[in-house]
Amino acid sequence: MTPLDRPSAAEVAAAVRSGERSARSFIEESLTQIGRDEATLHCFNEITAEQALARAEEIDAAVAKGEDPGPLAGVPIALKDNLCTRGIATTCSSKILEGWLPPYDATVVQRLHQAGAISVGKTNLDEFAMGSSTENSAFGPSRNPWDTGRVPGGSSGGSAAAVAAGYVPLSLGSDTGGSIRQPAAFCGTVGLKPTYGLVSRFGLIAFASSLDQIGPFANTVADAALMLESIAGHDPRDSTSLPTQPSAYLAALGEGVEGLRVGVISDFLTDADATIEVAVRGAAEALCAGGATVEEVAIPELMNALAAYYLIAPAEASSNLSRYDGVRYGLRVDAPDVAKMNAATRQAGFGPEVKRRIMLGTYVLSAGYYDAYYAQAQRVRTLVAEAFNRAYAQFDVLIGPTTPTVAFPFGAKVDDPLAMYLSDLYTIPSNLAGHPAVSVPFALGEGAMPIGVQLLGPALGESVMLRAAQVVEAAQATGVRGPVAMSEGSAR
Amino acid sequence: MTAEFTPEEVRYVAALARLALTEEEVASYATQLTSVLGHIDTIRALDLEGVAPTSHAFALENVFREDEVIEGLDRDEVLAQAPAAEDGRFRVPSILGEAP
């Protein structure tokens with residue numbers, strides 16, 4: 001059975017709310033599938049089966065009493081393991097936090113709980129969300145359900161693979177430079193990075209605070225919209241939370257794209273695989289057929305975003321990760337004095353990529369380099385935002401590839417950090433500008449692997465962007481809706 | 001001008017970042033970070049005179065709210081997660097060396 005033969009999140013919730021099926025039965029089904037494929041895929045750092053079954057019984061009891069458990073009633077979900085869950089280990093796939101039990105829940109975790117969703121576990125990621133393949137996880141990589149010899153993408157690779165494998169219809173990831181959209185593209189799922197500040201980050205373990213944003217993975221655009229509605233909205237516990245009311249994203253779907261102005265970002269097509277360029281043009285044609293006007297637009301300023309990002313994100317990370325000092329939580333390696341204890345703990349607890357980025361960030365913030373690097377990167381960030389704003393004066397939605405290539409084999413880029421960083425080339429600009437963007441599976445490319453097409457919108461432009469995404473989704477190639485290999489039991 | 005991350009600089013930065021790197025790591029980071037900086041250097045050459053830096057996509061200034069009393073985290077629950085705690089506080093090795 002492929003994921004799309006399974007009920008959508010909306011269908012699960014409808015069946016549970018009406019009493020047609022129990023939440024327990026959906027959780028059991030999810031756990032059965034996890035039990036069958038997880039030894040191969042390694043999507044999870046921890047599976048919380050007992051808690052999930054107990055929560056399902058609460059939901060079923062509520063339904064029996066005539067109460068409405070919420071819009072995601074009984075929906076099995078998976079949470080990226082950088083989202084704090086009270087009393088459940090939250091590791092960021094790092095040895096430095098192994099065994100730590102957070103004393104509080106992230107706001108998104110609370111909101112999904114209140115909406116009736118049930119977490120079945122914490123998903124694997126590149127350590128502290130730094131990476132594009134999950135190969136930087138201290139607990140071993142996750143595998144792509146389409147081809148287990150390839151990476152699922154990252155950093156939210158476990159969350160993407162969990163949806164692609166049909167474990168759960170919805171999961172949460174976080175996206176600092178593409179960490180939701182890139183694995184979504186690699187695994188053939190929908191992945192949405194909302195506007196910066198739309199979703200509270202209270203309880204998301206910080207990587208680069210001016211860029212991090214939480215968002216959903218789903219099999220369909222409609223399910224992604226449904227999950228976004230449950231997590232969006234102001235939170236007084238996040239000082240960067242926007243004081244806006246979220247829109248009714250789901251209700252806006254289905255309105256089509258008649259009259260919308262769509263810009264194809266030509267700069268994103270020059271370095272992408274030929275099959276990916278074909279996919280983007282196919283998606284643009286679908287929008288055109290739906291009544292949108294489609295034109296190419298050059299936004300060369302976006303091509304400086306990657307370099308700026310690899311200054312800004314490590315700089316913020318080097319500061320954020322200074323809190324892992326062996327004092328308040330997680331690992332401590334004993335040493336005679338505090339400074340030696342700090343250094344020994346961090347040396348033992350952090351993996352190679354995290355140390356690399358801390359080094360880079362510390363360097364660019366150090367005396368003598370700040371203006372040349374960090375301040376310059378912040379100026380480039382201004383240019384990227386201004387260039388986007390000029391484009392959005394002409395267009396309602398922009399479209400391009402999510403990634404330059406399809407999912408790559410394990411080990412292909414692990415020794416060449418720069419090559420790995422380049423897989424975020426098309427996703428990073430939206431993070432620098434704080435804008436929303438979504439990856440939608442559209443076609444199959446090299447090795448019969450899925451290709452993601454990216455729709456980009458202006459700040460708080462989620463509704464229009466999702467409408468366009470749904471039109472693209474409706475035109476997607478057959479065979480792109482869920483991998484067959486795992487579900488047919490033919491995994492390598 | 002292309003920046004180069006020398007082994008000496010790697011050691012200096014590692015000390016700032018409190019990382020006790022091995023000599024092997026010093027050598028590999030020197031090579032890898034020089035390659036990353038080579039790419040990043042493209043933006044050092046840009047003439048951005050007069051462009052204001054952006055620190056945040058939507059800078060919210062002075063976010064005010066009413067002062068409400070809410071439950072804080074439970075001290076014992078928090079301290080239970082610490083590597084070492086004593087008398088309701090985090091315990092660390094000596095900071096200033098032996099007391100006189």
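The legends below describe close-up views of a predicted model.

**View 1. The open sheet of chain A, built from eleven strands.** In this predicted model, eleven strands of chain A form an open sheet with mixed pairing, and their order across the sheet is β1-β3-β2-β4-β6-β5-β10-β11-β9-β7-β8. Strands β1 (residues 44-47) and β8 (residues 293-297) of chain A stand at the edges, and because each has a single partner strand, one side of each is left without a neighbour in the sheet. Averaged over the sheet and with direction ignored, neighbouring strands are turned by 30° against each other.

**View 2. The pairing of β4 with β6 in chain A, and a helix that packs on the sheet there.** Strand β4 (residues 170-175) of chain A runs antiparallel to strand β6 (residues 213-218) of chain A, and the two are paired over six bridges. Within this pair, Leu170(A) is placed opposite Ala218(A) of β6(A). Helix α4 (residues 107-114) of chain A packs on the sheet and touches β2, β4 and β6 of chain A, its direction making about 175° with that of β2(A).

View 3. Helix α2 (residues 23-41) of chain A lies across β1, β2 (76-80) and β3 (118-123) of chain A, and its course makes an angle of about 20° with β3(A). Asp37(A) forms a salt bridge with Arg36(A), in which the closest N and O atoms are 3.5 Å apart. The two partners contrast in accessibility, since Asp37(A) counts as buried at 4% relative accessibility, whereas Arg36(A) is exposed with a relative accessible area of 52%.

**View 4. The crossing of helices α10 and α12 in chain A.** Two packed helices are described by the angle between their axes and the distance between the axes. Helix α10 (residues 305-320) of chain A packs against helix α12 (residues 352-365) of chain A at an angle of about 100°, and their axes are 7 Å apart. Angles of 65 to 115 degrees count as roughly perpendicular, and α10(A) and α12(A) are therefore roughly perpendicular to each other. From α10(A), the residues in contact are Tyr310(A), Leu311(A), Pro314(A), Ala315(A) and Ser318(A), which meet a set of residues in α12(A) that includes Arg357(A), Ile358(A), Leu360(A), Gly361(A) and Val364(A). The residues of this contact between α10(A) and α12(A) divide into eight nonpolar, three polar and one charged.

View 5. The side chains of Arg357(A) and Glu353(A) meet in a salt bridge, with a distance of 2.7 Å from N to O. Because they are four residues apart in helix α12 of chain A, Arg357(A) and Glu353(A) are separated by about one helical turn. Arg357(A), at 3% relative accessibility, counts as buried, and Glu353(A), with a relative accessible area of 6%, is buried too. Elsewhere in chain A, salt bridges that share partners join Arg6(A), Arg21(A) and Glu29(A) into one network.

**View 6. A salt bridge between chains A and B.** Side chains of opposite charge can pair when their charged atoms come close. Here the side chains of Glu77(B) and Arg86(A) meet in a salt bridge at 2.5 Å, N to O. The pair crosses between chains, from Glu77(B) in helix α3 (residues 75-79) of chain B to Arg86(A) in the loop between β2 and α4 of chain A. Glu77(B) counts as partly exposed at 25% relative accessibility, and Arg86(A) likewise counts as partly exposed, at 48%. Over all chains, the count of salt bridges comes to 29.

View 7. Most residues other than glycine have a negative phi, and most peptide bonds are trans. The peptide bond from Gly154(A) to Ser155(A) is cis, with omega near 10°, and Ser155(A) lies in the loop between β3 and α5 (157-164) of chain A. Ala129(A), which is found in the loop between β3 and α5 of chain A, has a positive phi of about 70° although it is not a glycine; Ala129(A) is buried, with a relative accessible area of 5%. In chain B, the phi of Asp87(B) is near 50°, a positive value in a residue other than glycine. Asp87(B) is placed in the loop between β1 (85-86) and β2 (89-90) of chain B, and at 62% relative accessibility Asp87(B) counts as exposed.

Note on methods: Residues numbered from 1 in each chain as written. Chains lettered and ligands numbered in written order. Predicted model: local features only at pLDDT ≥ 70, side-chain atom pairs only at ≥ 80, totals over all residues. Heavy atoms only, no water. Pairing = 2+ DSSP bridges. Axes fitted to C-alpha atoms, helices over the stretch in contact; angles between N-to-C directions. Contact = heavy atoms within 4.5 Å. Parallel < 35°, antiparallel > 145°, perpendicular 65-115°, else oblique. Nonpolar A, V, L, I, M, F, W, Y, C, P; charged D, E, K, R; others polar. Salt bridge = Lys/Arg side-chain N within 4 Å of Asp/Glu carboxyl O. Buried < 20%, exposed > 50% of the residue type's maximum accessible area, 1.4 Å probe, protein only.
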